[in-house]
Amino acid sequence: MKHVTLLGAIAGDVIGSIYEFHPTKDYNFPLLVPQMEITDDSIMTIAVADWILHSKSLSHDELIGRLRYWGHKYRYPMGAYGSGFAAWLDNPNPKPYGSFGNGSAMRVSACGFAFDSIEQTMNMAKRSAEVTHNHLEGIIGAWATSVAIYLARTGHTKEQIRAQISHDFGYDLYHTCDEIRPGYSFQGSCQETVPQALIAFFDSHSYEDAIRLTVSLGGDADTMGAITGAVAAAFYKEIPDAIYDFVMARIPSDLKKIVLEFEEKYGGQEIPQGRCGVTPENITHLSPNEIFVFGSNLAGAHMGGAAAAAVRFFGAKMGVGVGIQGHSYAIPTMQGPVSTIKPYVDQFIDFAKHNPHQHFLVTRIGCGIAGFSPWDIAPLFAKAISMPNVSLPQDFIDVIQSLK
C-alpha cells in the first residue's frame, strides 16, 4: 500500500476515464484497463498543485498562468476539456465565465491537502475556482470537496465530515449509493455530482471500494473518481500498490515531477497522534463504530434532550442510567454536585481506552437540564483530550486547553 495525497484524485480520474462516456452501473467493472489515461481532471489538478508549490503570492494571475500553461501543453487530453474551459484557454484575455460545472471541484484537491486550517483551505479553494467557475455553486463545489479532504486528513470521522459538509454547504448527503444508482446518469454540475461523489466515499470501506462505488453510479466517472478519490486518499491514507504503479506509469514525466514534489512536501501531514476530535453539534446518524455519549440520570428516565435522542436513534434503553447501550453510552449527571459525576466520567474514559476500535462522540453532558456549565463539566474530561477515539464538544476542548 502507498501513502498518497494528490495521487488519490489522479487515480480516481484515470480509473474513471474510460467510463465517462461509456458509463457502468456494475460495481465489479474492470478496474485497471490499458486504455485508461489521465484526463483534463488530472492535468488541472496538477496545475493547481504547481501553483501552490511554486507561485510567490498564490495570486489569481499566477494561477491563470499555470492553468493555461498546462492546458495548452496538454491541449487535447482523453475526454477533452469542457467547451467553456476550452474557450477560456484559447482566449488571449481570459475572464471567469459564470460556470457551476464540476471542473472547480475536480481540480481543487491540492487545496485540501496543503493548508493548515479550514479557513485557509476555503480561501484557496475559492481562489482556485473563481478564475473560471465564479458562479456560487461552482465555488461551493470546490469548498465542499476541499473541506472534506481537510477534515478527512485531520482525523475526523465520516459522520463528522458528513454533518459538517451538509450543514455548511447545504448538500443532502444522507442517501446511499444503492439509493442513488438506479435513477442517476451523467451530470456536469457541481450540485449534481459533488454530493454523489462524497456519498460514495461515505459508503466505502477502502480506497478501491470508494472508487468502485463512485464509478458504478453511472455518472461523470472520471470527475467523480477524482473527487471521491481525493477524499478517500485523505481518509484511508493509502492506495493499493497495483493502482499506484498503474497510474504513475500513465503520468507524463513533467507532470509526474510536480506530483512527486507535492507528495514529498505534503504527504506526511496526518492528524497528530494523541488528539481528540470535535463532536458535531447535531448528530442524526452514526457510523458502525461510533458511540453517542449522553448525559442521563441514575434511574435511566431518558425523557428529553440528548437522552431522548439516544433512545430514539442510538439504542439507549429506558431504565438503564449508566454505561454502554447499543450505539450509546450514558453518563449520569442529575444526582448531585460535579463531584458525584466525576466517577462516572472516569469510568467512561477507562471504557474508551479499552475500546480503541470505537469512536465516542461526547455531547454537552450536564449542560442542559442538569444546570451545569462547560466550565463545571469539561475539566472532568481532561484525560480524554489526548484520546484520538474520543470527540469532545468544542467548548469543552476550549475550557480544557485554557486550564493548561
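1. Strands β2 (residues 290-296) and β4 (residues 328-332) run parallel and are joined by 5 bridges. F294 has A330 of β4 as its bridge partner. Strands are DSSP runs of E with at least two residues, helices are runs of H or I with at least four, and both are numbered from the N terminus. Two strands pair if DSSP finds at least two bridges between them.

2. The model is predicted: local features need pLDDT of at least 70 and side-chain atom pairs pLDDT 80 or more, whereas totals for chains, interfaces and linings use all residues. Residues are numbered from 1 along each chain as its sequence is written, and side-chain values use heavy atoms, without hydrogens and water.

3. The open sheet has 6 strands in the order β1-β6-β5-β2-β4-β3, with mixed pairing. Its edges are β1 (277-278) and β3 (323-325); each has a single partner strand, so one side of each lacks a neighbour in the sheet. Helix α17 (residues 338-353) packs on this sheet and touches β2, β3, β4, β5 (359-362) and β6 (390-392); contact means heavy atoms within 4.5 Å. The direction of α17 makes about 155 degrees with that of β4.

4. Helices α2 (residues 40-54) and α15 (residues 253-266) pack at about 55 degrees, with axes 10 Å apart. Axes are lines fitted to C-alpha atoms, for helices over the stretch in contact, and angles between N-to-C directions run from 0 to 180 degrees.

5. The contact of α2 with α15 involves, among others, I43, I46 and L53 of α2 and L255, I258 and F262 of α15.
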